[in-house]
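I opened the notebook to record what I looked up in this structure, going from residue surroundings to the overall fold. Each entry keeps to computed values.

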Amino acid sequence: MKVAQLTSSYISTALLNQNCIKPCELTYYEYSLNYFFETVFFDVSIIIIGAVFEIPFQAVIVLLTLMITRMLAGGAHAHTQTACTIVS
């Protein structure tokens with residue numbers, strides 16, 4: 001997701017400019033923040049869709065199911081994060 005990538009890059013660069021992280025750590029922070037924001041944006045999207053269609057309980061059930069599946073199902077890796085989100 002482009003928004004997550006831009007946000008993580010912006011925050012990582014700001015941390016670097018403030019000397020909070022070392023230059024060699026920049027890519028680690030970008031990746032970790034990107035993963036975090038992708039997860040948050042995806043979860044919030046599910047909740048918003050549930051609210052729009054007036055099915056918040058079902059949206060939470062889907063969200064919990066996906067969370068558990070992502071934690072327990074392993075072994076398959078996609079080439080991109082977008083593909084990983086779609087497959088999972």
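Predicted model: local features only at pLDDT ≥ 70, side-chain atom pairs only at ≥ 80, totals over all residues.

Residues are numbered from 1 along each chain as its sequence is written, and side-chain values use heavy atoms, with hydrogens and water left out.

Entry on Asn-19. I looked up this residue for its backbone, and found a positive phi of about 60° although Asn-19 is not a glycine. Asn-19 sits in the loop between helix 1 and helix 2, the latter covering 26-52; helices here are DSSP runs of H or I with at least four residues, strands are runs of E with at least two, and both are numbered from the N terminus. With a relative accessibility of 68%, Asn-19 counts as exposed.

Entry on Glu-54. I then turned to Glu-54, a residue other than glycine whose phi is positive and near 60°. Glu-54 belongs to the loop between helix 2 and helix 3 (56-72), and its relative accessible area of 70% makes it exposed.

Entry on Gln-5. I placed Gln-5 in helix 1, which runs over residues 2-17, and I read its relative accessibility as 46%, so Gln-5 counts as partly exposed. I also checked its separation from Leu-66, 61 residues apart along the chain, and found 22 Å between the two C-alpha atoms.

Entry on the whole fold. I counted four helices and zero strands in the protein, and along the sequence I read the pattern α-α-α-α. The radius of gyration is 16 Å, well over the 12 Å that the globule rule gives for 88 residues, so the protein is more spread out than a compact globule; the radius is taken over C-alpha atoms, and the rule is 2.2 Å times the number of residues to the power 0.38. The C-alpha trace spans about 45 × 30 × 20 Å along its principal axes.

Entry on burial and contacts. I noted that buried residues make up 16% of the 88 residues. Taking contact as heavy atoms within 4.5 Å, I found that 48% of the contacts between residues at least 6 apart in sequence join residues at least 24 apart.

Methods
Buried < 20%, exposed > 50% of the residue type's maximum accessible area, 1.4 Å probe, protein only.
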